[in-house]
Amino acid sequence: MTATSSARHAAVIGLGSMGFGMAASLLRAGFMVAACDVNPEAVARFSAAGGRGVASPAEAAEGAGVVICVVVNAAQTEAVLFGEDGAAAAMPEGAVFVSSATMDPAVARRLAARLEASGRHYLDAPMSGGAARAADGALTFLASGTQAAFDAARPALDAMAGTLYELGDAAGQGAAFKMINQLLAGVHIAAACEAMSFAAKQGLDLARVYEVITKSAGNSWMFENRMPHVLDGDYGPKSAVDIFVKDLGIVQDMARVEKYPVPVAAAALQMFLMASGSGMGRDDDSSVARLYAQVSGATLPAAKS
């Protein structure tokens, strides 16, 4: 089977909060979708939603014109492609692998070169938007790759994306854009948590603080999105602390190679590291506010059990 004859066959590797929504969006758009995940409950849920749950990346990729990989990091992406029961060898010639994990641009270039040497395409396409937008098919993709990779991936991207940025003709450029976004996102979350806990230390009405700040110049998308978690005492992981331990760590690695100072990002990374080291790594990233409260004696709304 060629990639042309399998254009409406898609595979999704990773059925977490983002991947499940992306797979569901493909189903709604009329794709035949095979998907796998290390969590068998996620696979069963996807099968119940009308998809085809399978056991491995290789089985998912067989006959698929587009393979969308929605795992956590570069190491997992490499294992999905080239590990035991990996997708690369099972993909039809001319099929495209859409890599959506956040990773160092140098790693994206290396993975792309290896896959493209086998006659398949690689689209470097990290995304932003969260689980709700994934479920609505309204994600933002920061993509780069060859024209052939874009052409092969476009029908699937149309089903999953609200906005598609085409950022270059080679893998690595999309990843670099995503890391700039993650630098800002991590700093903004840490700053929002610092400000809200500082407000609590001053004895301010935190609901009123939220109301005022979201209508003032100090607002940010992250303040507006994350601080309701603090107000509700709900630290169930919409986006976990350890995601920013990873992503700001990548920023530090990239900056060190370039001999470029990133002191504000470095300070934010330390707060996420401390939160993770305090046992909050799998909790929502707004848990940095709890860390500030612990060290300062500020009182935040009680956390839900």
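Colleague: Which residues are buried in H13?

Modeller: The model is predicted. A residue counts as buried when its relative accessible area is under 20%. In H13, which covers residues 288–296, the buried residues are Val288, Ala289, Arg290, Leu291, Tyr292 and Ala293.

Colleague: Is tyrosine 292 buried or exposed?

Modeller: Tyrosine 292 lies in helix H13. The cut-off for burial is under 20% relative accessible area. Because its relative accessibility is 16%, tyrosine 292 counts as buried.

Colleague: Which residues is tyrosine 292 in contact with, leaving aside its neighbours within four places in sequence?

Modeller: Contact requires heavy atoms within 4.5 Å. Cysteine 193 is one of the partners, although 99 residues separate it from tyrosine 292 in sequence. With those neighbours set aside, the contacts of tyrosine 292 are Ala190, Cys193, Glu194, Ser197 and Met271.

Colleague: Which residue just after H13 takes a positive phi?

Modeller: H13 covers residues 288–296. Just after H13 there is a phi of about 80°, and the residue that takes it is glycine 297.

Colleague: What is the phi of aspartate 85 near?

Modeller: Most residues other than glycine have a negative phi. Aspartate 85 lies in the loop between helix H4 (74–82) and strand E5 (96–99). Its phi is positive, in a residue other than glycine, and is near 60°.

Colleague: Which residues form a negative surface patch with Asp85?

Modeller: Patch residues need over 30% relative accessible area. Aspartate 85 has 46%, so it counts as partly exposed. The residues that form the negative surface patch with Asp85 are Glu59, Glu62 and Glu84.

Colleague: Is lysine 259 buried or exposed?

Modeller: Lysine 259 lies in the loop between helix H11 (241–258) and H12. Its phi is positive, near 55°, in a residue other than glycine. Exposed means over 50% relative accessible area. Because its relative accessibility is 75%, lysine 259 counts as exposed.

Technical notes
Residues are numbered from 1 along each chain as its sequence is written. This is a predicted model: local features need pLDDT of at least 70, side-chain atom pairs count only at pLDDT 80 or more; totals for chains, interfaces and linings use all residues. Side-chain values use heavy atoms; hydrogens and water are left out. Helices (H or I, at least four residues) and strands (E, at least two) are DSSP runs, numbered from the N terminus. Buried means under 20% relative accessible area, exposed over 50%, partly exposed in between (1.4 Å probe, protein chains only). Patches are made of residues with over 30% relative accessible area and no salt bridge: like charges are joined within 9 Å, nonpolar side chains (Val, Leu, Ile, Met, Phe, Trp, Tyr) within 5 Å. Accessible areas come from the Shrake-Rupley method with a 1.4 Å probe; for residues, only the protein chains shown count as cover. A salt bridge is a side-chain nitrogen of Lys or Arg within 4 Å of a carboxyl oxygen of Asp or Glu. Lys and Arg count as positive and Asp and Glu as negative; His and the chain ends are not counted. The place of a charge is taken as NZ of Lys, CZ of Arg, CG of Asp or CD of Glu.
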